[in-house]
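Let's go through this protein together, one question at a time. Have the sequence and the model open beside you.

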Amino acid sequence: MNITIGTRGSKLALWQAYYIEELLQKAGATTEIKTIETKGDKILDRALSKIGSKGVFTEELEEQLTSGEIDIAVHSAKDLQSDLGDNFEILAFTEREKINDVLVSRIQDFELKEDSTFTIGTSSTRRVALLSKFYPKLKIVDMRGNLQTRIKKMDDGACDALLLAFAGVHRMQNDNMIVHEFDASTFTPAVGQGSVAIECSVNLGTEKKALIAKACNEAQTANCLIAERAFLKKVNGGCSIPVFGNATIENDIITLNAGIISLDGSELVRIKESGKDAVLLGQKVGDALLTQGGKEILDEIRKTQSHG
């Protein structure tokens with residue numbers, strides 16, 4: 001059985017594609033990788049929130065899933081919009097890497113304190129808001145592009161440190177540049193951070209679907225991400241909305257720590273709940289968030305962004 005894998009062309013995206021290819025080949029499939037440039041790869045002079053939050057890194061891949069030019073699209077799970085519509089489905093979430101956000105820098109004795117005045121590069125509204133809340137004296141600059149591009153910008157003097165997901169830094173073998181790791185319970189990551197997601201058209205053949213799911217899906221990770229994504233869908237969050245969510249699982253009980261923060265970091269609503277049904281838990285946490293002040297924060301964010 002031959003499976004055509006669609007991916008973005010960055011080094012990190014290709015790492016993910018090769019990782020999936022290896023899992024599929026171990027399961028007996030033959031594979032082919034096809035690289036596709038997305039809107040998010042082409043437009044680098046604007047923040048993600050200014051491009052539009054849905055499908056920034058997925059739309060072109062989904063077009064080729066529909067046409068049958070590729071069988072599956074491989075994404076960072078955190079880049080995948082919460083509502084895929086009726087034509088697409090997720091076949092697998094891979095085993096999750098460590099979820100934390102980290103700072104990378106060339107500064108040898110880098111130490112992050114509450115009153116630090118470093119310049120930090122990031123393109124994420126969530127990361128900007130959390131930095132503003134916990135480290136209000138930092139200067140934050142917008143930083144787009146793949147990991148290698150961002151590191152070069154940092155080396156050229158654009159910032160002192162970059163705020164990134166540990167998973168990407170680790171996969172690109174840049175662990176030696178990590179100078180600070182954030183505590184995920186307070187500096188909570190984006191929904192899906194650390195896992196690779198496999199998307200397909202609902203029309204893909206059932207045998208292929210079954211092989212891919214069996215080879216690549218990690219059940220506990222998938223359960224956690226289903227809860228996180230149900231939460232994200234409930235609050236209608238996208239790349240440009242600073243929501244966060246992380247689920248863990250122990251003895252079949254899922255615990256979801258999720259919330260929303262205002263763009264300037266001044267207001268934060270966080271909900272922590274446990275349950276057995278991933279979808280119901282995510283929806284329950286989303287409802288609680290909206291009724292406990294999250295709706296007002298969301299409305300204000302959308303108003304700001306529509307005028308931006």
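On a 1 Å grid over the protein atoms alone, a pocket is an open set of points where a 1.4 Å probe fits, with protein on both sides within 12 Å along at least five of seven lines, and lining residues have an atom within 4 Å of a point. This is a predicted model, in which local features need pLDDT of at least 70 and side-chain atom pairs count only at pLDDT 80 or more, while totals for chains, interfaces and linings use all residues. Residues are numbered from 1 along each chain as its sequence is written, and side-chain values use heavy atoms, with hydrogens and water left out.

Q: Which element gives the most to the lining of the second largest pocket?
A: The lining consists of Ser-82, Leu-84, Ile-90, Phe-93, Ile-226, Arg-229, Ala-230, Lys-233, Val-279 and Gln-283. Two or more of these residues come from each of β4 (88-93), α9 (219-235) and α10 (278-307); helices (H or I, at least four residues) and strands (E, at least two) are DSSP runs, numbered from the N terminus. With 4 residues, the element that gives the most is α9.

Q: How many nonpolar residues are in the lining of the second largest pocket?
A: Ala, Val, Leu, Ile, Met, Phe, Trp, Tyr, Cys and Pro count as nonpolar, Asp, Glu, Lys and Arg as charged, and the others, Gly among them, as polar. The lining has 2 polar and 2 charged residues, and its nonpolar residues number 6.

Q: What volume does the second largest pocket have?
A: Grid points are joined across faces, edges and corners, and the volume is the space filled by probe spheres set on the points. For the second largest pocket this comes to about 190 Å³.

Q: What radius of gyration does the protein chain have?
A: The chain contains 10 helices and 13 strands, and its C-alpha atoms fill a box of roughly 55 × 45 × 40 Å along the principal axes. The radius of gyration is taken over C-alpha atoms, and the globule rule is 2.2 Å times the number of residues to the power 0.38. For 308 residues, a compact globule would be near 19 Å, and the chain agrees because its own value is 19 Å.

Q: What percentage of the residues in the protein chain is buried?
A: Buried means under 20% relative accessible area, exposed over 50%, and partly exposed in between (1.4 Å probe, protein chains only). Of the 308 residues in the chain, the buried share is 54%.

Q: Is Asn-246 buried or exposed?
A: Asn-246 lies in strand β11 (residues 243-250). Setting aside residues up to four places away in sequence, Asn-246 touches Arg-96, Ile-99, Thr-188, Pro-189, Glu-228, Thr-255, Leu-256 and Asn-257, where contact means heavy atoms within 4.5 Å. Since its relative accessibility is 11%, Asn-246 counts as buried.

Q: What relative accessible area does Gly-245 have?
A: Gly-245 also belongs to strand β11. Beyond four places in sequence, the residues it touches include Thr-188, Pro-189, Glu-228 and Asn-257. Gly-245 is buried, and its relative accessible area is 0%.

Q: Where is Arg-96, and is it buried or exposed?
A: Arg-96 sits in the loop between β4 and β5 (101-105). With a relative accessible area of 18%, Arg-96 is buried.

Q: How far apart in space are Leu-204 and Ile-72, C-alpha to C-alpha?
A: Leu-204 is in the loop between β10 (196-201) and α8 (206-216), and is buried at 13% relative accessible area. Leu-204 and Ile-72 are 132 residues apart in sequence, and their distance in space is 8.8 Å.

Q: What is the phi of Asn-251?
A: Most residues other than glycine have a negative phi. Asn-251 lies in the loop between β11 and β12 (253-261) and counts as exposed at 70% relative accessibility. Although Asn-251 is not a glycine, its phi is positive, at about 50°.

Q: Is Asp-252 buried or exposed?
A: Asp-252 is in the loop between β11 and β12, and its phi is positive, near 70°. With a relative accessible area of 54%, Asp-252 is exposed.
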